[in-house]
Amino acid sequence: DEQFAGKDVLDLGCGSGVLGIAAALAGARHVSCVDYDPQAVWASEQNARRNGVSDVVSAAEAASPTGFEADIVIANILAGILQRLADELVSVVRPGGHLVLTGILEEQADEVRAAYAAAGVRIMPAAAREGWVRMEGTKA
């Protein structure tokens with residue numbers, strides 16, 4: 001997938017690392033898998049090794065994206081946390097970079113979109129599936 005080719009990716013709330021590993025397999029230059037749960041960090045490292053991408057994927061324990069910088073930021077976390085982290089998340093996306101937000105319930109989508117608009121990112125119309133929403137935006 002050329003969307004990821006040569007790009008630096010941050011997977012915040014990485015869980016087992018599946019999204020970050022998929023980005024690495026799609027040609028990302030570097031992927032930072034970040035989660036506040038040390039078990040998730042461990043699982044991401046193990047899964048990166050199993051998938052042969054541990055040279056591209058690094059995993060770190062952190063509760064926020066502060067200190068990272070990426071062309072593509074993927075965040076699969078609860079809507080309330082996404083709203084609270086809006087300014088921080090937008091600040092780590094490089095100009096022209098993309099933000100992908102998942103794990104949002106349909107009824108929370110407008111509030112999340114408003115938080116990211118206030119932080120300076122226009123979120124495109126959401127893709128909904130079985131009550132869950134994926135939102136994407138590009139940083140100016």
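**Salt bridges**

I started with the salt bridges and found six in the structure. I counted a salt bridge where a side-chain nitrogen of Lys or Arg sits within 4 Å of a carboxyl oxygen of Asp or Glu. Background for myself: side chains of opposite charge can pair when their charged atoms come close.

A note on what I'm looking at: this is a predicted model, where local features need pLDDT of at least 70, side-chain atom pairs count only at pLDDT 80 or more, and totals for chains, interfaces and linings use all residues. Numbering runs from 1 along each chain as its sequence is written, and side-chain values use heavy atoms, with hydrogens and water left out.

I looked up Arg 94 next. Its side chain meets that of Asp 8 in a salt bridge, 2.8 Å from N to O. This pair links distant parts of the chain, 86 residues apart: Arg 94 is in strand β5 (residues 93–105) and Asp 8 in strand β1 (residues 8–12). For helices (H or I, at least four residues) and strands (E, at least two) I go by DSSP runs, numbered from the N terminus.

Arg 94 also forms a salt bridge with Glu 69, with the closest N and O atoms 2.8 Å apart. Glu 69 is in the loop between β3 (57–61) and β4 (70–76), so this pair ties together parts 25 residues apart in sequence.

Then I checked accessibility, calling a residue buried under 20% relative accessible area, exposed over 50% and partly exposed in between (1.4 Å probe, protein chains only). Asp 8 is buried at 12%, Arg 94 is partly exposed at 22%, and Glu 69 is exposed at 52%.

Which residues does the network take in? I get Asp 8, Arg 29, Glu 69, Asp 71 and Arg 94, linked by salt bridges.

I also noted Arg 134 with Glu 136, a salt bridge at 2.9 Å between the closest N and O atoms.

**Helix α2**

I moved on to α2. Its buried residues are Ala 40, Val 41, Ala 43, Ser 44, Asn 47 and Ala 48.

What do the buried residues pack against? I found α1 (18–25), β2 (30–35) and β3, with contact meaning heavy atoms within 4.5 Å.

Last entry: just after α2, Gly 52 takes a positive phi of about 70°.
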